[in-house]
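Biologist: Good morning. Could we go through this structure together, one topic at a time?
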Amino acid sequence: MIHYKNKLQVELVDLHIHVGGAVAPHIMWSLAHQQGMKLPAKTYWDFWQLITASPETVHSLEDYVNIMHQWTEKIQSSPEAIQRCVYSIIAKEYRSSNVSHIELRFNPMKRNKGGEMDLDHIIQAAVHGLDQAVLDYGAKAGLIFCLAREFPYELNEIIVRKAVRYFKWGVVGIDMAGPEKRTFESDPDFKRYVTLFQEARERGLGITVHTGETDATGPESVRQVLRDIRPERIGHGIQAAKDEALMKELAVAGTVLELCPSSNIQTRAVEGWQEFKEIVAKFKQYGVKFTINTDGPYLLRTNMKKEIELLLENDVLTEDELKQSFELARSVSFIK
Ligand SMILES: [Zn+2]
């Protein structure tokens, strides 16, 4: 039997993976056709080019987010589509890399055609897809709902209410995502967000926040999110490596950074592997905890197996350090 045997001999965990960047292009192609969508791509290969990132099409985090916004989110905007997407991601992560513990994130309000579709139908369909994959593959899986920086507070509040309602059915946490041009803490409603996140935590949801991914925000954003929101985990947070005091704070707080190596390189958040290696070396030096994640495997043309190989090849982490990062990932998972 041919299967991916992971040489680390430890359970592989992916805590940071977006539905918008993780569905195989052939499934997206079939879903788009099923829904009768008009596509700008005439052939499957043009479509593949359209919904995966390449150095020609992606020059920044914004370009990357735009692919998801313009195409994948639209194609995934029906109960049938989101169910198939959630199922297929968990199944594929398991088959390609033997990832058997996965927290999958998406924004349900970016899957309901601006309010035309009923949000509960979208969410329940996602939950069905999750349950089916868990049953078929024996994987552990949970959903994280992403709030959007570009949304008004009122919409984000609804997403949190839905996460609380579906907590028992597989929603395990909330996240704040979106382009970094508009930072979270500069939002006039930031104080209301602090309260909202606190309420979510009291209801049992895990908290993670995308921040410090690019130098558009820098270490200051990470610091404020850390102090005011106090998330258990931070998405990326690599800008913290520029600030010794902040790294010490992160280490003391025990906040875990969800690192996504290929993503940072593709979006040019870092120059290349050398810079990524230096960042990780700083985190090791200061005792900042981190996990390894794929972010958007299909969009980035990667998977967990490849991420592990790249980190070893580029001497970013040793096998032992990788093992530790996956053990840590399992212990800080929101799936209980
Ligand atoms: Zn992300």
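Biologist: Is Ile90 buried or exposed?
Modeller: This is a predicted model. In it, Ile90 has 27 other C-beta atoms within 10 Å. A residue counts as buried if 20 or more lie within that distance, so Ile90 is buried.

Biologist: Where is the place of Ile90?
Modeller: Ile90 belongs to helix α4.

Biologist: And which residues is Ile90 in contact with, leaving aside its neighbours within four places in sequence?
Modeller: Ile90 is in contact with Ile102, Leu104, Leu130, Ala133, Tyr137, Ala139 and Ala141. As for Val209, which is 119 residues away along the chain, its C-alpha atom is separated from that of Ile90 by 22 Å.

Biologist: Which residues touch the most other members of the largest nonpolar core?
Modeller: They are Val86, Ile90 and Leu104, in a core of 96 residues. Helix α4, residues 79-97, gives the most to this core, with eight residues.

Biologist: You mentioned Leu104. What does Leu104 touch, not counting residues up to four places away in sequence?
Modeller: Leu104 touches Ile17, Val19, Val86, Ile89, Ile90, Ala141 and Leu143.

Biologist: Let us change topic to the sheet. How many strands form it, and in what order?
Modeller: Eight strands form an open sheet, and their order is β1-β2-β3-β4-β5-β6-β7-β8, with parallel pairing. At the edges are β1 (12-18) and β8 (289-292), each of which pairs on one side only. From one strand to the next, the twist averages 25°.

Biologist: What holds paired strands together, in general?
Modeller: Strands of a sheet pair through backbone hydrogen bonds, in either a parallel or an antiparallel manner.

Biologist: Over how many bridges do β2 and β3 pair?
Modeller: Strand β2, residues 99-106, and strand β3, residues 140-148, pair in the parallel sense over six bridges. For example, Phe106 has Phe145 in β3 as its bridge partner.

Biologist: Which strands does helix α8 lie across?
Modeller: Helix α8 (residues 219-229) lies across β5 (206-211) and β6 (233-236), and it runs at about 160° to β5.

Biologist: One last topic, the helices α1 and α2. At what angle do they pack?
Modeller: Helix α1 (residues 25-34) and helix α2 (residues 44-51) pack at an angle of about 110°, and their axes are 10 Å apart. Angles of 65 to 115 degrees count as roughly perpendicular, so α1 is roughly perpendicular to α2. The crossing of α1 past α2 is right-handed.

Biologist: Which residues meet there?
Modeller: From α1, Pro25, Met28 and Trp29 meet Tyr44, Phe47, Trp48 and Ile51 of α2.

Key. Residues numbered from 1 in each chain as written. Predicted model: local features only at pLDDT ≥ 70, side-chain atom pairs only at ≥ 80, totals over all residues. Core = buried A, V, L, I, M, F, W, Y, C linked by C-beta atoms within 7 Å. Buried ≥ 20, exposed ≤ 12 C-beta atoms within 10 Å, placed from the backbone. Helix = DSSP H or I, 4+ residues; strand = E, 2+ residues; numbered from the N terminus. Contact = placed C-beta atoms within 7 Å. Pairing = 2+ DSSP bridges. Axes fitted to C-alpha atoms, helices over the stretch in contact; angles between N-to-C directions. Parallel < 35°, antiparallel > 145°, perpendicular 65-115°, else oblique. Left-handed = near helix turned anticlockwise from the far one by under 90°.
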